[in-house]
Amino acid sequence: MYTEDDLLMLSALQHLLFCPRQCALIHLEQAWTENRFTAEGRVLHERVHTAGADSRCTVRVEYDMPLRSLRLGLSGRADIVEMHLQEDSSWLPFPVEYKRGRPKKDDTDRVQLCAQALCLEEMLDCTVPEGALYYGQKKRRTPVQFDDRLRRVTEEAAARLHELLSGTVTPAPEYSRRCESCSFIDTCLPRTAGKKNQVRNYMTRMTQS
Amino acid sequence: MKKHLNTLFVTTQGAYLAKEGETVAVRIEGKVRLRLPVHTLDGIVCFGNVGCSPFLLGFCGERNLTVSFLTEYGRFLARVQGPVSGNVILRREQYRRADDLDFSARMARAFINGKVANCRALLNRTVRDHGDRLDSEAVGDAANHLTGLLKSLGRDRPLDEVRGTEGDGAHVYFSVFDHLIIRNKEDFFFHRRSRRPPLDRVNCLLSFLYTLVMHDVRSALECTGLDPAVGFLHRDRPGRSGLALDMMEEFRPLADRLTLSLINRGQLQGKDFVVSEGGGVRMKDKARKTLLTAYQERKQDVLLHPFLEEKMPLGLFFHTQALLLARFLRGDLDGYPPVIWR
Ligand code: SF4
């Protein structure tokens with residue numbers, strides 16, 4: 001169990017899964033890039049508009065709902081949590097995340113959604129079996145089952161996140177194709193950082209001739 | 001990456017800057033003379049009696065835009081800046097390393113290496129371009145002397161010795177600086193550095209340009225989350241921006257080169273300056289404007305960054321160097337690579 005002081009941002013999970021170095025740049029070094037802020041603002045804006053139409057009387061929609069889990073040590077907000085009315089007249093939470101772009105092959109988005117579900121379970125003392133991701137480019141909902149595998153992956157990611165962010169060390173970069181789509185590429189310098197003797201050679205080349 | 005944007009220099013006495021929506025409105029005698037969107041700026045520098053509304057200052061702070069106030073003659077007065085960026089781990093690392101004298105000596109070597117190499121490049125280049133119009137032997141000898149100093153800076157040495165080498169280098173370099181002036185020699189000459197006050201026109205230009213570079217270097221350090229006050233070569237002294245002074249070393253020859261080209265192209269004349277009773281020299285309004293415009297234009301020039309091997313506007317080099325320094329302190333690089341031009 002974590003205390004409230006230890007809670008980390010739920011959204012950091014997606015950064016961790018994309019690239020641990022990116023996660024450290026954002027959350028340890030606080031190296032914001034300008035387009036991050038603007039992008040996040042825009043996402044929220046679009047999301048509120050797309051989901052608003054969807055309230056029927058068996059579904060209540062909660063926007064921007066604060067969440068936390070002391071077990072995982074995470075807190076954050078869910079942009080949309082639908083509350084579905086059950087036959088026994090209880091309300092079952094159903095988290096929905098809006099993502100720009102298209103569905104990803106990896107678990108990144110599913111893990112973030114699952115972490116929201118785990119928070120909801122802990123806060124509302126219930127079981128959340130399912131949620132959905134809404135991809136802007138496909139304009140369609142993809143259902144996500146919170147099965148044992150996904151829960152385990154999410155829990156492990158939360159533990160790794162705590163390990164990474166309790167230290168002070170930013171992991172070295174590993175240059176790969178994803179770097180080209182990473183908004184931190186200019187701060188991270190994946191092609192130069194971490195290489196041995198690079199500055200030493202540069203200095204010799206520039207001054208000793 | 002942080003984009004290189006314009007700095008707004010306000011030199012009109014009595015001007016007042018206010019926030020109007022997302023723009024800065026420059027009012028002169030109650031009339032709005034200029035409106036600029038804030039997102040096209042990365043700094044505002046006010047010279048002399050220029051006012052600024054608190055709302056504009058707050059807005060600039062929020063946008064990470066530094067507003068500096070200088071006297072009419074370019075002496076720094078004060079600066080308004082938004083919240084310090086939250087990078088406490090980086091700053092603590094900086095303090096820890098600054099306490100380590102061996103590490104500080106290593107950093108100092110890097111900065112001085114950059115400065116001496118760039119001074120040498122300036123000398124060599126002037127000989128190449130104007131060898132027939134100046135004492136190329138004296139200048140060439142000075143350049144060779146600097147080469148010797150670079151050799152000695154290639155090895156580990158204590159901070160005192162690095163400082164000694166820096167002093168030597170500056171002496172040799174400035175001893176031939178007068179040779180680099182090839183036009184208007186009766187008005188523009190250089191005997192030695194004088195700052196308070198500058199005693200000739202060349203010193204007046206140099207001091208003013210160094211202030212501008214200093215402003216840019218300090219903002220860049222702040223944006224990266226480094227503490228501009230805690231330096232390695234320049235040790236702590238209240239009120240002094242040690243790290244900004246450190247990082248400025250490699251950029252000084254840039255200001256020198258700009259000074260020389262303004263003089264040698266005849267863009268500035270003797271009559272653009274006022275010599276006061278005590279011998280102190282000041283620029284007239286027109287000269288100041290010429291200089292600010294030239295500096296501003298220079299910063300837009302796109303050049304190859306020698307270490308990253310990427311092209312970028314010169315104005316962005318300040319930010320890039322601050323970033324590289326931060327990356328070195330965080331352990332991602334095996335040293336700090338100063339910008340070296342050849
Ligand atoms: S540029 Fe590459 S290594 Fe660096 S943070 Fe982005 S993905 Fe990670």
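## A proline to start with

Does P313(B) count as buried, partly exposed or exposed, and at what relative accessibility? At 22% relative accessibility, P313(B) counts as partly exposed, where buried means under 20% relative accessible area, exposed over 50%, and partly exposed in between (1.4 Å probe, protein chains only). P313(B) sits in strand β12 of chain B.

Before going on, a word on the ground rules. This is a predicted model, in which local features need pLDDT of at least 70 and side-chain atom pairs count only at pLDDT 80 or more, while totals for chains, interfaces and linings use all residues. Residues are numbered from 1 along each chain as its sequence is written, chains are lettered from A and ligands numbered from 1 in the order in which they are written, and side-chain values use heavy atoms, with hydrogens and water left out.

## Chain B as a whole

Chain B holds 10 helices and 12 strands; helices (H or I, at least four residues) and strands (E, at least two) are DSSP runs, numbered from the N terminus. Its radius of gyration is 20 Å, close to the 20 Å that the globule rule gives for 342 residues, so chain B is as compact as a globular protein of that length. The radius is taken over C-alpha atoms, and the rule is 2.2 Å times the number of residues to the power 0.38. Along the principal axes, the C-alpha trace of chain B spans about 55 × 55 × 40 Å.

Buried residues make up 58% of the 342 in chain B. Among its contacts (heavy atoms within 4.5 Å) between residues at least 6 apart in sequence, 62% join residues at least 24 apart.

## Helix α8 of chain B

Helix α8 of chain B covers residues 252-264, and its 13 residues should span 18 Å at 1.5 Å a residue, which agrees with the 18 Å between its end C-alpha atoms. The expected span is 1.5 Å times one less than the number of residues.

This helix is mostly covered, with 12 of its 13 residues buried. Among them are R252(B), D256(B) and N264(B), along with L254(B), L258(B) and I263(B). The buried residues of α8(B) pack against several other helices of chain B, including α3 (101-130), α5 (159-175) and α10 (314-329). Just after α8(B), G266(B) takes a positive phi of about 75 degrees.

Most residues other than glycine have a negative phi. Which backbone angle does E309(B) have, although it is not a glycine? E309(B) has a positive phi of about 55 degrees. It is found in the loop between β11 (302-305) and β12 (310-313) of chain B, and it is exposed, with a relative accessible area of 56%.

At 55% relative accessibility, S89(A) counts as exposed.

## Chain A as a whole

Chain A has 7 helices and 6 strands. From the N terminus on, its elements run β-α-α-α-β-β-β-α-β-β-α-α-α. Of the 209 residues of chain A, 46% count as buried. Residues 24 or more positions apart account for 64% of the contacts in chain A with a separation of 6 or more.
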